[in-house]
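Visitor: Could you take one part of this model and look at it closely, residue by residue? I would like the cut-offs behind each term as you go.

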Amino acid sequence: MGKVGGAALAVVFAVLLAGCAPAELPEVTPPPAAAQATLVSVIDGDTIESSAGTVRIIGIDAPERDECGYAEAAAQVSALLSPGAAITLTLPDGENDTDRYGRLLRYVDTADGVDVGMSVLTAGLAVARYDSLDGYPAHPREAQYRAGQTATLTADGAVTTVACQAAADAARGHLDPDPAPTG
């Protein structure tokens, strides 16, 4: 086989090998960025101070200071996390890094893997909020958070915990000027 025949064979071989290679490798989605931190303090039911900075828990909204349920929501977070506790802060792909107040937006999980946001939601102390249904980026736990929510929002957007709603309902029942007739 001469130089021309060997070169032709090399070209044929290269073409055959190129046909065996995949056209394009599928994109691999990197896992959410997770960082270890320690709890400094609990600010309220949806915000903590950590060694990484002030963190607003992604996807939940708890009562604000001086609103019914504020203390209970903060106590729920405090029951899961104590100062110095190891926590995992996770920023899912596609989420904003910070909110308009400069707080880190993260999921917060205990060292044992307990989702702090879901715990507050299922305790009836917060609502699932600030997600794709509210014009923000969707987040991976959104469907679970929506399904776990038992608290509600008032017409003006304030969080009404389950206990606060029950108290309001009971107060209305006692103050109802025209109660339904009984048996």
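Guide: Not counting residues up to four places away in sequence, A37 touches S50, S51, A52, A85, A86, I87 and L89, where contact means heavy atoms within 4.5 Å. The model is a predicted one, in which local features need pLDDT of at least 70 and side-chain atom pairs count only at pLDDT 80 or more, while totals for chains, interfaces and linings use all residues. Residues are numbered from 1 along each chain as its sequence is written, and side-chain values use heavy atoms, with hydrogens and water left out.

A37 belongs to strand β1 (residues 33-44); strands (E, at least two residues) and helices (H or I, at least four) are DSSP runs numbered from the N terminus. With a relative accessible area of 7%, A37 is buried, a term that means under 20%, against over 50% for exposed and partly exposed in between, with a 1.4 Å probe and protein chains only. Between A37 and V108 the C-alpha to C-alpha distance is 9.9 Å, although 71 residues separate them in sequence.

Strand β1 is also part of the cover over the buried residues of helix α2, together with β2 (47-50) and α3 (116-122), among others. Those buried residues of α2 (residues 70-80) are Y70, A73, A74 and V77. Because they fall within an arc of 95° when seen down the axis of α2, they line one face of the helix; the arc is that of the directions from the helix axis to the C-beta atoms. An α-helix has 3.6 residues a turn, so residues three or four places apart point the same way.

Turning to the aromatic rings, those of Phe, Tyr and Trp (its six-membered ring) pair if their centres lie within 6.5 Å, with planes under 30 degrees apart counted as stacked, over 60 as edge-to-face and the rest as tilted. Y107 is buried at 2% relative accessibility, and Y145 is buried at 1%. The rings of Y130 and Y136 are also edge-to-face, because their planes stand at 90° with the centres 5.5 Å apart; Y130 is partly exposed at 31%, as is Y136 at 42%.

Finally, the charged end of R141 sits over the ring of Y107, 3.9 Å from its centre, which requires NZ of Lys or CZ of Arg within 6 Å of the ring centre and within 35 degrees of the ring normal.
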